[in-house]
Amino acid sequence: MRQLVFEKTNALRTERGLPKLLVLDSLMELAQLHSENMVKHDFYAHTDHLGRNPVDRAEQFKLKAWVRKGNRFTGIAENIAQTPWFENVRGCGDTRTEEDLAQCMVTGWKNSPPHYKNIMGDYTHLGVGLYFDEKGMGFGTQNFR
């Protein structure tokens, strides 16, 4: 499902004439860890259970958190989502297939201006995390660099 989220995110970018984002294994690990932590430590936020934001987490894991673009620096950006594995999700319908759940999650980000701005941003790499709680709620994370 992480790969489907990745592909659907890139499809949004290519529809707008933007280059595809590339996989970066360390960014994938960072996003996955945040999704798992949201479930294991019962929170839903960009700031984790230890008080770290996405840039803090990246720096802790020795991932280059800031990229110079011209005369400015851009840090890691992050989208998070909760999407249930359920039969009647408002705005999505039945999300009990991998394809449908991934589409619902990406559509939610597309329909949210700040999340969509990250997807369309001047980034080159993407990491995707996804982890489910015992009730079937999927916690998704996208990290952009």
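Predicted model: local features only at pLDDT ≥ 70, side-chain atom pairs only at ≥ 80, totals over all residues.
A salt bridge here is a side-chain nitrogen of Lys or Arg within 4 Å of a carboxyl oxygen of Asp or Glu. I started with that cut-off because Arg57 and Asp48 come close to it: they form a salt bridge with their closest N and O atoms 3.9 Å apart.

**Entry 1: the charged cluster**

I looked up the partners of Asp48 next. Arg52 also meets Asp48 in a salt bridge, side chain to side chain, at 2.8 Å from N to O. Buried or exposed, I wondered about Arg52 and Asp48? Both are buried. For Asp48 I noted a relative accessible area of 5%, and for Arg57 one of 2%, so Arg57 counts as buried too. Glu78 joins in as well: Asp48, Arg52, Arg57 and Glu78 are linked in a network of salt bridges. How many salt bridges does the structure hold? I have seven written down.

**Entry 2: a bridge elsewhere**

Asp122 and Arg72 make another pair, again with the closest N and O atoms 3.9 Å apart. Asp122 sits in the loop between H5 and E5, while Arg72 is in strand E3 (residues 72-75), so this pair ties together parts 50 residues apart in sequence.

**Entry 3: nonpolar cores**

Which residues have the most contacts inside the largest nonpolar core? They are Val5, Met105, Trp109 and Phe144, in a core of 21 residues. Helix H1 (2-15), strand E4 (77-84), helix H4 (98-110), helix H5 (113-119) and strand E5 (125-132) supply at least two residues each. H4 gives the most, with five residues. Another core lies apart from this one; it has seven residues, including Leu30, Ala58, Leu63 and Ala65.

I then followed Val5 on its own. Leaving out residues up to four places away in sequence, Val5 touches Ala102, Met105, Val106, Trp109, Val128 and Gln142.

**Entry 4: H1 and H2**

For H1 I compared length with expectation. Its 14 residues should span 20 Å at 1.5 Å a residue, and the end C-alpha atoms are 20 Å apart, so the two agree. The buried residues of H1 are Leu4, Val5, Phe6, Lys8, Thr9, Asn10, Leu12 and Arg13. I see them packing against strand E1 (22-23), helix H2 (25-40), H4, H5, E5 and strand E6 (137-144). Just after H1, Gly17 takes a positive phi of about 80°.

**Entry 5: the open sheet**

I traced four strands in an open sheet, ordered E1-E5-E6-E4, with mixed pairing. E1 and E4 are at the edges with a single partner strand each, so one side of each has no neighbour in the sheet. E1 and E5 run parallel and are joined by two bridges. The bridge partner of Val23 in E5 is Leu126. H2 packs on this sheet, touching E1, E4, E5 and E6, and its direction makes about 30° with that of E5. H4 packs on the sheet as well, touching E4, E5 and E6, at about 130° to the direction of E4.

**Entry 6: the E2-E3 hairpin**

E2 (residues 66-69) and E3 run antiparallel, joined by four bridges. They form a hairpin with two residues between them, and Gly70 in the turn has a positive phi of about 70°. Which E2 residues are on the covered face? Val67 and Lys69 are, whereas Trp66 and Arg68 make up the uncovered face. Arg68 stands opposite Phe73 in E3.

From C-alpha to C-alpha, Gly108 and Thr95 are 13 Å apart in space, with 13 residues separating them in sequence.

Note on methods
Residues numbered from 1 in each chain as written. Heavy atoms only, no water. Core = buried A, V, L, I, M, F, W, Y, C linked by side-chain atoms within 4.5 Å. Buried < 20%, exposed > 50% of the residue type's maximum accessible area, 1.4 Å probe, protein only. Contact = heavy atoms within 4.5 Å. Expected span 1.5 Å × (residues − 1). Pairing = 2+ DSSP bridges. Axes fitted to C-alpha atoms, helices over the stretch in contact; angles between N-to-C directions.
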